[in-house]
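Welcome! Here is a friendly briefing for anyone meeting this structure for the first time.

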Amino acid sequence: MKPYEKLLKDNRAWASEKTKEDPEYFSRLVQLQTPEFLWIGCSDSRVPANEITGTEPGEIFVHRNVANMVIHTDLNLLTVLDYAVRVLKVQHIIVCGHHGCGGIRAAMTNHDMGIANKWLRNIKDVYRFHRDEVDAIEEEQLKIDRMVELNVREQVMNLAKTSIIQRAWKHEQRPHLHGWVYDLKDGIIDPVCEMPAGSPLLDIYEYDDL
Ligand SMILES: [Zn+2]
């Protein structure tokens, strides 16, 4: 059996197991999705949103990219964010980074990564904002781990800087923004920051007439 054929075979087994446990499982999910959470995570195959949070299909709306970035020119991210906030009306948005992130590690080198340079440059900017602190850390692994945390904080801030979030904060007092870091070594998620609806921003980032 080819590797991809195993995926299809396991899919059949999973679907029949679910139906056996709960005959209404799929018919219920087909009706509608009302997730309470938007997850913005890394594409890394070791950090699957549902598995590590013990959630089921239907519970988390998911967007993943290299190093869980919130970049204001990323039409994909903005489309997901707008839909999650305006239509699904999620209550919480979680930006989840992870220790050992290859995207962060690559950004902290001088290697030419081709097309990815443009994406990773945003992480180099995070380093620039926190350069003194990061440079003071001697051990390479700890330096990367600190960058993972600082990057999550910066991406949560980037969410708050969007008019999508500010409009929802103003009119509906949601969503609550969270920055989390997942540890590959023990499977534990640690919260590193949060911004409840209405959190203050540096005023240059605040839009009027929303
Ligand atoms: Zn990663």
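Predicted model: local features only at pLDDT ≥ 70, side-chain atom pairs only at ≥ 80, totals over all residues.

Residues are numbered from 1 along each chain as its sequence is written, and side-chain values use heavy atoms, with hydrogens and water left out.

**The chain as a whole**

- The chain holds nine helices and five strands; these are DSSP runs numbered from the N terminus, with helices being H or I of at least four residues and strands E of at least two.
- Starting at the N terminus, the order of elements is α-α-β-α-β-α-β-α-α-α-α-α-β-β.
- The C-alpha trace spans about 55 × 50 × 30 Å along its principal axes.
- Of the 210 residues, 40% are buried, where buried means under 20% relative accessible area, exposed over 50% and partly exposed in between (1.4 Å probe, protein chains only).

**The zinc site**

- Three residues supply the protein donors of the zinc ion: Cys42 (SG), His98 (NE2) and Cys101 (SG), lying 2.0 to 2.3 Å from it.
- Cys42 is in strand β1 (residues 37-42) and His98 in strand β3 (residues 92-98), so the pair ties together parts 56 residues apart in sequence.
- Donors are N, O and S atoms within 2.8 Å of the metal (3.2 Å for Na, K and Ca); water is not among the atoms, so sites may look incomplete.
- Cys42 and His98 are both buried.

**The nonpolar cores**

- The largest nonpolar core has 43 residues, and Leu38, Ile93, Leu159 and Leu177 have the most contacts inside it.
- Helix α8 (residues 140-160) gives the largest share of this core, eight residues.
- Another core, of seven residues, lies apart from it and includes Trp39, Ala49, Cys96 and Tyr182.
- A nonpolar core is a set of buried Ala, Val, Leu, Ile, Met, Phe, Trp, Tyr and Cys residues joined through side-chain atoms within 4.5 Å.
- In soluble globular proteins, nonpolar side chains tend to be buried together.
- Leaving aside neighbours within four places in sequence, Leu177 is in contact (heavy atoms within 4.5 Å) with residues including Ile93, Val156, Leu159 and Trp169.

- Thr79 sits in helix α4 (residues 75-87), and counts as partly exposed because its relative accessibility is 48%.
- Thr79 and Arg167 are 88 residues apart along the chain, with their C-alpha atoms separated by 15 Å.
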